[in-house]
Amino acid sequence: MTTETVKKQRWKLNLRDRFQDLPKPARIAAMVVFVVLLYLLPTKAFYENLGFPIPVGSGYLPFYTTGSDMAGVLFQCGYYILLALGLNVVLGYAGLLDLGFFGFFAVGAYTVALLTSPESKLITEYNWLESPWPWLVTVPIAIALAMLSGVLLGWPTLRLRGDYLAIVTLGFAEIIRIVAKNQDWILNGDRGIPSVGHPPGTWPDGEAIFDLEFTPYYWLVLTVIIAVIFLIRNLANSRVGRAWVAIREDEDAAELMGVPTFKFKLWAFAIGAAIGGLSGSLWAGQANFVNSNTFSLENSILVLAAVLLGGAGSIGGAILGGFIVIYLPEWLRSVGDVFGWPTQVEIAGIHIDVSPTSLRFVIFGALLIVVMIYRPQGLWPNRRRAAELKDRQKEVAPVE
Amino acid sequence: MNFDDLIQGFPDLTTTGLAQGSIYALVALGYTLVYGVLRLINFAHSEVFMFGTFAALWTWGIMGYDSNSTRPDLGTALLLILVSLVVASLFSGGVAMAVEAVAYRPLRKRNAPPLVFLISAIGASFVLAELMGAFTERRQQGIPGLLPGEPLFSAGGWTVYPLQLMTFVVALAVMFGLDWFVAKTRFGRGIRAVAQDADTAALMGVNKGRVIALVFLLGGLLAGVAAVFYSMKQGNTRFNVGFLIGLKAFSAAVLGGIGNLRGALVGGLLLGLVESYGAALFGSNWTNVIAFVVLLVLLMFRPTGLLGESLGRARA
Amino acid sequence: MRQRLARVLGGVAILALVAGGAAACKKEEPTTPGGSTVSGLKIGFFGALTGDAAGLVTPGKNGAELAIAEYNAANPGANVTLVPFDSQGSGDKAAPLATAAVADEKIIGIVGPAFSGESEVANPIFDKAGMPIITQSATRPSLSGKGWKIFHRGVGNDLSQGPAIGRYLKDVAKAEKVFLVDDQSAYGTGLRDEVEKILGAAVVGKDKVTEKQVEFGPVVTAVKNSGATAVFYGGYTPEAAPFLKQLRAGGYKGTFIGGDGLYDANMLSVTGKADVEGAVVTCPCGPATAAKGNFVADFKAKFGTDPGVYADVAYDLTKVFLEGFKAGKTTRADMQAFLGTYNGVGTATGVTYKWEANGELDPAQVSIWAFVAKDGAWANPQQLPKS
């Protein structure tokens, strides 16, 4: 028992504490190097010089997604990371189970699309706007609207607990999607809104920075993520953050101790929603085209999986989780060719497609189960939550 | 808004709503049973149901009936249904128990918090749905019509079809059977004991592991029954049919008060009716919105559902 | 302890994946520019291959695979491969995939994107790279008006088919009371709008359903109460088949008609012989006769199932690219020029492929045919008048 604990501590020392023990300049330098590395991620040359033995002429690059554009995949990871960070505030900090988080993404994306597209019905049919607005102006509006929808949803529903809240939020996301799909007045359903505006800026040679190339979008989303991280960290360490933790651990006790629980839960909801809306507006700025198809419920589930896979309540965990849920399936697309894996097998006259592209969600699902069994606290857990879990594990029922 | 349709079609809408609601109720029972005992949304239950539809399809296929067959006579049809009920419910029950053994039991041993179960369940649901998708090439498959297609009776704009009646009757019968099982038998007592206080029940000598496995088996069996009637009603199945019906059934369970067996029945039937009337009133593309709005409004006023949570205690 | 073990195992597994992947791959050739030979060219297939919409697109991919397999068998050493790009049917996945497709110099042409929505996202990327595409099923009319030079549509758009369906109902079926249902997809609504324009006052009711819907009871009730003698469905087989089945089960005996989204074997087999009998579909494609090839039999031999929706179209379109390869068009620019002057008849669909400058099929070549389900097969082909 004792040796086990000591070992565990040593393991911890190796990873996190050793970093914390470094002098401050060294820590900052390490962080800067790491961030620079992140900006380099979409560069193909980076993977070619990783030092893994790659046979000459092979199309394979370790970690590089050859089946899908790397910068594009990273951009997707980026806005999922933002979503995970937003949901992490709601779920990880305040402990509110939100199954419909993608609804806020939709609010953000549609706001941007409606205001920036020259083909938006606000311009062509209703003449509310003279001309499309620039993307940059619409982002704060999108965030504000997402925040507002968070408050409007939270106000009546946050009195519900746990699983009831889950189904209500799930309903909310589904309603947003169906409304977007069903009505032709503004959002234009499945036909969607084309020619959505892009972020501003041109290269010295006059070409737009934000056009079809993904790398600039990735850099943009990465910058936004870093800013959001600072914001959330400060928030989590403030009075608000402490109130959230108190609510998560025991809502009744927190209320008795004088924490206005409802107010702080609403704050968590609104802030989470705002980040979700921001993510949606970034995506719309890239996507060129927004229609109701994108906002299916599975996406909300994926974001939830991201947060819990990474470790609820931990910023690092949310980032890792958001990265994995997108990157892993995309990466698996390119793996099959490499191993000479057969794409089809025939069992008793039935043809079964066994290519990794087709089975990638089976693999992903299995991974979710395995991680939850062996690391229920998530891959990169929040320390306090991990400790809570350790306590729980000791309380296993007597008979089992 | 189309009141004409609603008034004119009211009797028919009621029967279709009740038939659909019976299926929701059967699936909802699975959610409610597991929730009552484990406080866990068994996210993979929808896929258990989906496997049931395929089990029914394959059973009929082996017995020589596919979507192109002509309708058999009543006796054969009943026999086919009976066989498929047995096969599909056993198959679904087996899948449900397998999910429990692989995705939940290891977590229970570690006393993981409910959210961890939820993610594991989502993982299981991905695996099951996508495996079936790969196996069936994601193709939609037709299912034969078995019961006679002529109305059982038709009077004054009200028609009732044999299948609708049978679905409703079987759902009620299964429901009462389950109620009796939980209320009167030794196993049922074990379920109620674990639902009330798992640790105390374990100390009193209830084999908790076995009770939980039994609960999953029961949920699976019911999902299998629902799958057979669903298959006959909808006449087709696909690898992704589970998600939507699972969502509806879960909503039905919440509507009636999750963890409450009778609540699942009431919630299921109510949801079926609401959807049916709502679709006539607003157009059937609004069905899901109507269902959710009703759920939201109801939860505002009765936060624990229509009948409240009774299988276990109200949560602290 | 167990956690540690898992961690070690996981680490080993990842290392094995990375190292094994690096070592195992020897078969792919370098993708250096300028080194294009006739061997080893690729055709991309772009569309939803997993997820909910996969059922509409996978048959097409199989059709393309069949065309390529036949070509490779007939031309030893050609080694053409099909590269699937699985967009899952959603716009947010489509853009990186299109970029990746463009980056592979060996890919000379794309069959797809299958849906109009993802086309809006992916086509600008293809256009910028000069990658010729032929879509088998994106029928939104506006796609050809966006100025994409690389865009080709292998089927008629909604504007060509909708009016024909309307006229069929009016003149052939003599329907005076028509009920319109659509699935709210861009395709379904587009078609419905056109049909409605022709029918005018004959429309006695309308309803919308939604994708993945399985319960059509309320729609069936509405149809019966409207007294309609014909039902038009704008959408695809996965919803149309159960809808028709439930219509028939509900005692509806009138005409049922839909567009080419229903013209596939699944519509027949899922609905079932008895219920589908008499249903009408239209298609901007002619009947596939035995003289034109034995696509259906070949498909069934290779994949064990009947060709699903758009399988024949994708098969023919892939063959267009392959003819280009055979004619020595091994760069994207050459292929683009080749498509501009192409004029040939598809063996599976019987459509004459000849494109206008905007990428639409030459209107003179688009003929709309109607088929009636009879004994579990699409029969009685009948060409519909153009106006």
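For the entries below, helices (H or I, at least four residues) and strands (E, at least two) are DSSP runs, numbered from the N terminus. I note that the model is a predicted one.

Entry on the peptide bond. I recall that most peptide bonds are trans. I looked up the bond between C:Gly112 and C:Pro113 and found it to be cis, with omega about -15°. I placed C:Pro113 in the loop of chain C that runs between strand E3 (107-111) and helix H4 (116-129).

Entry on positive phi. Most residues other than glycine have a negative phi. I checked B:Asn111, which is not a glycine, and read a positive phi of about 55°. B:Asn111 sits in the loop between helix H4 (74-109) and helix H5 (114-135) of chain B.

C:Asn380 belongs to strand E14 (residues 377-383) of chain C. C:Asn380 counts as exposed because it has 12 C-beta neighbours inside 10 Å, and a residue is exposed if that count is 12 or fewer.

Entry on annotated spans. I consulted the unreviewed UniProt entry, which annotates "transmembrane region" over several stretches of chain B, including residues 48-65 and 115-135. For residues 115-135 of chain B, the end C-alpha atoms lie 30 Å apart, and the span is 100% helix and 0% strand.

Methods:
Residues are numbered from 1 along each chain as its sequence is written. Chains are lettered from A and ligands numbered from 1 in the order in which they are written. This is a predicted model: local features need pLDDT of at least 70, side-chain atom pairs count only at pLDDT 80 or more; totals for chains, interfaces and linings use all residues. UniProt positions are given in the numbering used here, feature names are shortened, and annotations may be inferred rather than shown by experiment. A residue is buried if 20 or more other C-beta atoms lie within 10 Å of its own, exposed if 12 or fewer, and partly exposed in between; C-beta atoms are placed from the backbone.
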